[in-house]
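Please read it alongside the sequence and the coordinates.

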Amino acid sequence: MNSKFRTLELAINLHKECQKLKMKAYLKSQLERATSSVALNLSEGNARFGTADRRRFFQIAYASLKEVEVALMLASVSSTKLADLTDHLGGSIYNLIRRCA
């Protein structure tokens, strides 16, 4: 199940890293929903056969990643590890979207 899908592996890793953070409950809840949305939409998009359909799910995953980045800013989280992970994941998702164009 998606064992060779490195972008999904990055998204799952981001979700796990964000779960470890301490922050206000409302932001933590939103952050967890957004990180799970990234992974879930990548998985669902990867299962689609039509290119336009795949691209739509990858775009939703990318938008959710942007939500994650803002939630981390709002919570004043300044982790180089998380910044590198979100940058790498964003680039990977962007490449998936471009391949579907």
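In this predicted model, Cys100 is a buried residue, its relative accessible area being 10%. Cys18 is likewise classed as buried, with a value of 1%. A search for disulfides across the whole structure returns zero, and the count of salt bridges comes to six.

**Cysteines**

- A disulfide is a covalent bond between the sulfur atoms of two cysteines.
- Because a pair of cysteine sulfur atoms has to lie within 2.5 Å to be counted as a disulfide, the result of zero means that the search found no such pair anywhere in the structure.
- Both cysteines described here are on the buried side of the classification, Cys18 at 1% relative accessible area and Cys100 at 10%.

**Salt bridge between Lys20 and Glu17**

- Side chains of opposite charge can pair when their charged atoms come close.
- One of the six salt bridges joins the side chains of Lys20 and Glu17, with an N to O distance of 3.1 Å.
- Are the two partners buried or exposed? Lys20 counts as exposed because its relative accessibility is 56%, where the cut-off is over 50%, whereas Glu17, at 15%, counts as buried because its value is under 20%.

- Arg48 and Glu44 form a salt bridge in which the closest N and O atoms are 2.6 Å apart; Arg48 is partly exposed at 29% relative accessible area, and Glu44 is partly exposed at 35%.
- The side chains of Asp53 and Arg56 meet in another salt bridge, at 3.0 Å from N to O.
- Asp53 and Arg56 are three residues apart in helix α3, which comprises residues 51-74, and so about one helical turn separates them.
- Asp53 has a relative accessible area of 23% and is therefore partly exposed, while Arg56 falls in that class with a relative accessibility of 41%.
- Through salt bridges that share partners, Glu44, Arg48, Asp53 and Arg56 are joined into one network.

Methods:
Residues are numbered from 1 along each chain as its sequence is written. This is a predicted model: local features need pLDDT of at least 70, side-chain atom pairs count only at pLDDT 80 or more; totals for chains, interfaces and linings use all residues. Side-chain values use heavy atoms; hydrogens and water are left out. A salt bridge is a side-chain nitrogen of Lys or Arg within 4 Å of a carboxyl oxygen of Asp or Glu. Buried means under 20% relative accessible area, exposed over 50%, partly exposed in between (1.4 Å probe, protein chains only). Helices (H or I, at least four residues) and strands (E, at least two) are DSSP runs, numbered from the N terminus.
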